[in-house]
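Open the model in your viewer and keep the selection tool at hand.

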Amino acid sequence: MFIIIVVLLGTVAWVYQNNVRAAQLVNKDAELNEIRSNRLAVARNVIEKTYAKTEPENRAMWAGFVSEELGQKHGLGIAVDLEHTPRTVLIEDRTYGLSTRFVLPTALTD
Amino acid sequence: MVQMTRGQALALEAVLALFIAILFIYLLLGTGVKSGWDMRLERAGYDVVNALYVDDEMYDALVTGAERNGYSAAESSVISARLARYVAILSISRIELDVEGTASFYAQSGNLPNKPLNKETFHALLPLRQGENVRGVTVTVWV
């Protein structure tokens, strides 16, 4: 009887440990995705805010700086399309397969 | 083979059962799903970077000093006071703000925790003279 109880308890503990490990892996993935999504959100916010504070004639230079400097520092690929209307920005995190594309505000005077 | 009395066998069984119970409770309760990352860093980083642009007074002080390549005492005071305010609002330990090649500012909580702090770095941009020039800004938050 004692041996049966030990075996049963051991089995329950083993199954529980496996579930905990699986949950930890899922949790780690979720955390990583949240962190990378947050970085995309920070980059997007910086792009939108600085675009609004840049005069139309300086936006080509601004776009170059955003793509190279900001993209490199955040580890993201940033492509600003000022040629077409509406103007768009594509931010890609190639390592984790995340991306976001959004439209920049276009005024009649731009 | 060692012969045990019934009493000895029962005592040994009780000791073994106690060990197994302790092990079982440890396995069941001693391992939870612990977070390896302090997400307050991410939230605070976003908020501080956002504050650079929406807090007009701090933004004006940052831009004016960066355009001049140096900060006056009044501008530094505004920036430091705002950073101290954000440290309090966001319940974090420290904020460092580095305007590329110009100046660094920081503010920290009065009661720092008695343990090593975690930090994370975020990057932003400051358009100077309506975007004629762009200056990089590094924000480091500590929790």
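Start by selecting residues 77–81 and 88–93 of chain A: these are strands β1 and β2, which pair in the antiparallel sense over five bridges. Strands here are DSSP runs of E, at least two residues long, and helices are runs of H or I of at least four, numbered from the N terminus. Two strands pair if DSSP finds at least two bridges between them. In general, strands of a sheet pair through backbone hydrogen bonds, either parallel or antiparallel.

This is a predicted model, in which local features need pLDDT of at least 70 and side-chain atom pairs count only at pLDDT 80 or more, while totals for chains, interfaces and linings use all residues. Residues are numbered from 1 along each chain as its sequence is written, and chains are lettered from A and ligands numbered from 1 in the order in which they are written.

Stay on this pair and pick A:Ala79; its bridge partner in β2(A) is A:Leu90. The link from β1(A) to β2(A) is a hairpin of six residues.

Four residues lie between β2(A) and β3(A) in their hairpin, where A:Gly97 takes a positive phi near 70°.

Now show the three strands together. They form an open sheet in the order β1-β2-β3 of chain A, with antiparallel pairing. β1 and β3 are the edge strands, each pairing on one side only. Neighbouring strands are turned by 10° against each other on average, direction ignored.

Move on to the place where chain B touches chain A. How many residues does each chain give to the contact? Chain A gives 31 residues and chain B gives 26. Residues are in contact if their C-beta atoms, placed from the backbone, lie within 7 Å. On the side of chain B, α2(B) gives the most, with six residues.

Finally, select α1 of chain A (residues 2–52) with α2(B): the two helices pack at an angle of about 0°, with their axes 10 Å apart. Axes are lines fitted to C-alpha atoms, for helices over the stretch in contact, and angles run from 0 to 180 degrees between N-to-C directions. α1(A) and α2(B) are therefore roughly parallel to each other, a term for angles under 35 degrees. Residues to pick in this contact include A:Ile35 and A:Val42 of α1(A), and B:Tyr46 and B:Val49 of α2(B).

Technical notes:
Two residues are in contact if their C-beta atoms, placed from the backbone, lie within 7 Å. Angles under 35 degrees count as roughly parallel, over 145 as roughly antiparallel, 65 to 115 as roughly perpendicular and the rest as oblique.
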